[in-house]
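Got your viewer open and a selection tool at hand? Let's take a short walk through this model, one selection at a time.

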Amino acid sequence: MNSKVPSNGKVALLTGVTGQDGAYLADLLLGKGYTVHGIKRRSSSFNTGRIEHIYQDPHDPDPRFILHYGDMTDSTNLIRVVQQCQPDEIYNLAAQSHVQVSFETPEYTANADAVGALRLLEAIRILGLEKKTRFYQASTSELYGLVQEVPQSEKTPFYPRSPYAAAKLYAYWIVVNYREAYGLHASNGILFNHESPLRGETFVTRKITRAAAAIKLGRQQKLYLGNLDAKRDWGHAREYVRGMWLMLQQDEADDYVLATGETTPVRTFVEWAFEDVGIQLEWKGEGIDEKGICKATGKVLVEVDPRYFRPTEVDLLIGNPAKAHAKLGWTHETPVRELAREMVREDLRIMETSIIMKEA
Ligand code: NDP
Ligand code: GDR
């Protein structure tokens, strides 16, 4: 916990503080001397694993990290929390963030991801905080959807391809509208995929790195995946949250792409992860018959399962972060190959530790 950092007198409120980005951003802001308030959902089991290391006893006389129960679908709750913490900066990271799940829960996704952003913006207005509170919206490269142009920049037209992306499209435009209509300092970060050892286990990179580690340790037989041909621009989450903060430090609010400018097929990420646990894969077959086979043993380790295909897919994402470079001085550092290595290393460590604990 960064409690020794002198206070900078600023207060930030993070929705989605228990998620991947929330955990990295809370760390960053505490290190800069912010008092950080976070909204967490009530859950039947602990959902604070990613922020355990910064948890602070609520009885602490000078609390710097304070959690509130809440939900993006409850405007009374959001208004009350904003009123209590009087934030200088709000980072709206909370969302039903899984694209495939959004096809199964489209109405909930719209409520949390689209109307949720509106509820927070309205909370700022209702409480008369337009001049005080700056707002960051977690917008996404999924807005680009069906490829219109590559690489994708702030000027590329949007064409959402999922209920998730359509909900985020509303959130994007309501942020722009509140900036223009009411003079709010409200910015959209159009972030391309960013990953880390804290990535949710059902997103493709983490699913792959966990499976490679588990297969290496003999705890899993096979990895089932969907579309191996999809290409993503993958960066490191720790570096992307710094970009969020930089956006809110500018005199003028604006919208920025954060990306690496490189794209990688899912299939290549699979090869890297297995390589990092010492397994060379070769591919045989095509389409749903395609298999990833261990060169040394001939065992099938990777298979395509159509259940992971999406009704509409986003085939290719590659971002142009030139505006963020020029105006924010932001740049990514970790190459995607190194990111994969770090994730595999961490998953191996976690699994080995859990095996030792079970055997002890
Ligand atoms: P995660 O899925 O890891 O975290 C989402 C967070 O939102 C969790 O804290 C989750 O709580 C919370 N949440 C979900 N629904 C609600 C709700 N109804 N009310 C309150 N909280 C809720 O996402 P990331 O950290 O990866 O992403 C952060 C944001 O950035 C998201 O909005 C995502 O859509 C967006 N984004 C992410 C990108 C990426 O590559 N990671 C790229 C571009 C945009 P709980 O822990 O209880 O589930
Ligand atoms: P994405 O991330 O949809 O880009 O959204 P995800 O990792 O889920 O998928 C990336 C690509 O991999 C393909 N894929 C699979 N995906 C998953 N989850 N599971 C599989 O088994 C699998 N097999 C292949 C997908 O079809 C897709 O093409 C993420 C989220 O963090 C969003 O919240 C965020 O807005 C965007 O990134 C930018």
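Predicted model: local features only at pLDDT ≥ 70, side-chain atom pairs only at ≥ 80, totals over all residues.

Into which domains is the protein chain divided? Colour residues 11–198, 233–262 and 316–334 together for domain 1, and residues 204–227, 265–314 and 342–359 together for domain 2.

Now look at where they touch. Domain 1 puts 11 residues into the contact, and domain 2 puts in 10 residues. On the domain 1 side, select helix α3, residues 99–104: this helix supplies 3 residues, the largest share of the side that touches domain 2.

Next stop: a pair of helices. Select α8 (residues 266–276) and α10 (residues 336–359). How do their axes cross? The axes of α8 and α10 come within 9 Å, at an angle of roughly 50°. That angle is between 35 and 65 degrees, the range that counts as oblique, and so α8 and α10 are oblique to each other. The crossing of α8 past α10 is right-handed.

Finally, show side chains where the helices meet. From α8, pick Phe269, Trp272, Ala273 and Asp276; from α10, pick Arg337, Ala340, Arg341 and Val344. Sorted by class, this contact between α8 and α10 holds 5 nonpolar and 3 charged residues, with no polar ones.

Notes: Residues numbered from 1 in each chain as written. Chains lettered and ligands numbered in written order. Axes fitted to C-alpha atoms, helices over the stretch in contact; angles between N-to-C directions. Helix = DSSP H or I, 4+ residues; strand = E, 2+ residues; numbered from the N terminus. Parallel < 35°, antiparallel > 145°, perpendicular 65-115°, else oblique. Left-handed = near helix turned anticlockwise from the far one by under 90°. Contact = placed C-beta atoms within 7 Å. Nonpolar A, V, L, I, M, F, W, Y, C, P; charged D, E, K, R; others polar. Domains from an automatic or database assignment.
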